[in-house]
Amino acid sequence: HALSVPLVACGVCRNPPAGEFAETAAISKAVATKQPYQEWVARSVRRLEDLSPLAYPAEAKMDNATLLRLQAANGMGAEDAQMVVEGMAQAGVEPTYCMGDDIPLAVLSDKPHMLYNYFKQRFAQVTNPPIDPLREGLVMSLEMRLGGRGNLLNPGADTYRQVLLNSPILLESQLEAIAKDSTLGSKTFDTSFKAGSSGSLAAALTKLCSDVEAAVKAGCQCVLLSDRASETSLQPEKVPIPSLLATGAVHHHLIRTGLRSDTSIVVETAQAFSTHHAAMLIGYGAHALCPYLAYETARQWRLSTRTQSLVKSGKVPDISVGDAQKNLKKSLEKGILKILSKMGISLLGCYHGAQIFEAYGLSKEVRTSCGVYWPHPKT
């Protein structure tokens, strides 16, 4: 009976009952032509550009006072706004700093820090980068897909309906198109909670995970985690869950319940404005993100009288408001590619959910609050 089963070893398939042998090329062709895969992909995959063309608002969406309050509430200081966000909007590249970091670790600092600052990106310990994102860009990709993955063991024409993203950094118009897409069945979840009582954050995370689980079971293929409602109202008693914490909690809750492959996660947050922030959100489960506060900062920077004066004097290049947002988006994408290259990873899909970070100064209770043990260099 064992001899009647086709055997595959070293690229050769042996089928004794039929008296046939097949080598690698024939095997590959037989598998590839077993089903009309190309036709299925063409029918099942849609591109985000077809749903929403690139659109960069030419006017600010909030007044300057509201912007300053939002920046202060989300840890974006004057240096972050001017050196990071405005620098990327102006030049289209991630800002560079001197080698070395002599500021205190977040846990040792006497200043409040965002959750991202308690983590450090791991990297491959070699003398040269495993991948050069500038000269080896052809082998790298930032493509991501939104929607359920379907059953990989039983593929079919209607297995899944996905949206292909060329980049995980979404524009506000693209996010709006995703939120309204009926095929994905997208649903938005407010990540705010009522602060001021003991255990309120943990209870909010539990409720958020339960609500997302129910939505995914009902057919939601795209979960939108948003802090926009709480951020725009800015009420002291209603604050947003840290976007990194909310993303990790939902991601691992769906894994535990066996629903992770049925949906995707998109984050709309004011709490992301650097490449490290974007990389962490993707590394802890987000398929895409929309940094709306960073976009608004770029718009108001270009529209400010100070920038207009610098443009007239020739100290700042004369770019449009749309180009400022485009440069910011491009800078974040370049920065993510740089981070991938440090670990020798060429595809963003392989970095997604990999959690290649170390936590410094966070207790085990905090690190496990979203259902996963975040590595600590001392443990």
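Buried residues, defined by under 20% relative accessible area with a 1.4 Å probe and protein chains only, make up 45% of the 379 residues in the protein. The model is predicted: local features need pLDDT of at least 70 and side-chain atom pairs count only at pLDDT 80 or more, while totals for chains, interfaces and linings use all residues. Residues are numbered from 1 along each chain as its sequence is written, and side-chain values use heavy atoms, with hydrogens and water left out.

The secondary structure comprises 15 helices and 14 strands, taken as DSSP runs (helices H or I, at least four residues; strands E, at least two) and numbered from the N terminus. The C-alpha atoms occupy a box of roughly 80 × 55 × 45 Å along the principal axes. Of the contacts (heavy atoms within 4.5 Å) between residues at least 6 apart in sequence, 72% join residues at least 24 apart.

Helix α7 spans residues 200–217, 18 residues in total. The distance from its first C-alpha to its last is 26 Å, close to the 26 Å expected at 1.5 Å a residue, where the expected span is 1.5 Å times one less than the number of residues. Buried positions in α7 are Ser 200, Ala 204, Leu 205, Leu 208, Cys 209, Val 212, Glu 213, Ala 215 and Val 216. An α-helix has 3.6 residues a turn, so residues three or four places apart point the same way. The buried residues of α7 pack against strands β8 (187–190), β9 (192–194) and β10 (222–226), and against helix α9 (243–256). Just after α7, Gly 219 adopts a positive phi of about 115 degrees.

Methods
Buried means under 20% relative accessible area, exposed over 50%, partly exposed in between (1.4 Å probe, protein chains only).
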